[in-house]
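Please look over the sequence and the 3D structure shown here before reading on.

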Amino acid sequence: MSDPKAVPAGDRARVSVSVAVPPAAAFRIFSEDIDQWWRRGLKYRVVDGRRGMLHLEPRVGGRLFESVERDGQTTVIETGRVTVWQPPARLSFEWRAVNFEGDEVTHVEVTFAKTSSGTLVTVTHSGFGKLRPDHPVRHGRDAAAFVREMGMWWGGLMTSLREHCQRDDAAREGTDP
């Protein structure tokens, strides 16, 4: 998604959070530590509990996926593919829920902007308008309610990212957050 203005109104959820680390650290934490800060449970992951591990491969074409170990077998559930990889400023990826079919896909763009106190991380998730109104991912909600819920969902994740950045920064400095 190169031009956020090209996304129809009501078709995107946008959430920003300030983190007290520089953009390069915020980008690294977002991408490399994704399994540590991304919330657990079926609301946020394919697998409940601590059995799954979330990975983001650091390159265009890289996968966003969850790997699950069961009975000595590893299962990989791909959620998306990286479409833009521009550390430390921006990354984008396609997003597919487990109940998406065929070519159904949404798009997530994450930007990292330097501020006087660290970094403003902004997530824009769009493409919901292409999903049919009765799509199971919507859980029976109309478009406005669904986009609002997605904003809150990302808000929860960005809170976790902010908290993880605080712990990471404190650990590097040897202090308690």
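What follows goes from the whole chain to its strands and helices, then to the core and the salt bridges.

This is a predicted model, in which local features need pLDDT of at least 70 and side-chain atom pairs count only at pLDDT 80 or more, while totals for chains, interfaces and linings use all residues. Residues are numbered from 1 along each chain as its sequence is written, and side-chain values use heavy atoms, with hydrogens and water left out.

The chain has three helices and seven strands; helices (H or I, at least four residues) and strands (E, at least two) are DSSP runs, numbered from the N terminus. In sequence order the pattern is β-α-α-β-β-β-β-β-β-α. Of the 177 residues in the chain, 46% are buried. Here buried means under 20% relative accessible area, exposed means over 50%, and partly exposed lies in between (1.4 Å probe, protein chains only). The chain exposes about 9,400 Å², and carbon and sulfur atoms supply 51% of that area. Accessible areas come from the Shrake-Rupley method with a 1.4 Å probe, and for residues only the protein chains shown count as cover. Among contacts with a separation of 6 or more, 47% are between residues 24 or more positions apart; a contact means heavy atoms within 4.5 Å.

Begin with strand S1, residues 12-19. In a regular strand the side chains alternate between the two faces of the sheet. Which strand does S1 pair with over eight bridges? The partner is strand S7 (residues 118-126), and the sense is antiparallel. Two strands pair if DSSP finds at least two bridges between them. Within this pairing, Ala13 stands opposite His125 in S7.

Helix H1 covers residues 23-32 and is mostly covered, with eight of its ten residues buried. The buried ones are Pro23, Ala25, Ala26, Phe27, Arg28, Ile29, Phe30 and Ser31. This list holds Arg28 and Ser31 as well as Phe27 and Phe30.

Helix H3 spans residues 143-173 and contains Gly155. Gly155 counts as partly exposed because its relative accessibility is 22%. Gly155 and Ser16 are 139 residues apart in sequence, yet their C-alpha atoms are 7.9 Å apart in space. Ser160 also lies in H3. Is Ser160 buried or exposed? Ser160 has 9% relative accessibility, so it counts as buried. Apart from neighbours within four places in sequence, Ser160 is in contact with Trp37 and Arg39.

A nonpolar core is a set of buried Ala, Val, Leu, Ile, Met, Phe, Trp, Tyr and Cys residues joined through side-chain atoms within 4.5 Å. The largest such core has 41 residues, of which Trp38, Trp154 and Met158 touch the most other members. H3 gives this core its largest share, nine residues. Leaving aside neighbours within four places in sequence, Trp38 is in contact with Tyr44, Arg45, Leu54, Trp95, Trp153, Trp154 and Leu157.

Side chains of opposite charge can pair when their charged atoms come close. A salt bridge is a side-chain nitrogen of Lys or Arg within 4 Å of a carboxyl oxygen of Asp or Glu, and the whole structure has eight of them. One joins Arg45 to Asp35, with the closest N and O atoms 2.7 Å apart. Arg45 lies in the loop between helix H2 (34-37) and strand S2 (52-56) and Asp35 lies in helix H2, so the pair ties together parts that are ten residues apart in sequence. Arg45 counts as buried because its relative accessibility is 5%, and Asp35 counts as buried at 12%.

Another salt bridge links Glu109 and Arg90, at 2.4 Å from N to O. Glu109 is in strand S6 (residues 106-115) and Arg90 is in strand S5, 19 residues apart, so this pair links distant parts of the chain. Both Glu109 and Arg90 are buried. Salt bridges that share partners also join Asp35, Arg40 and Arg45 into one network. Glu78 and Arg81 form a further salt bridge (2.9 Å, N to O). Glu78 is partly exposed, with a relative accessible area of 36%, and Arg81 is partly exposed at 34%.

The peptide bond from Pro87 to Pro88 is cis, with omega near 0°. Pro88 sits in the loop between strand S4 (73-86) and strand S5 (90-95).
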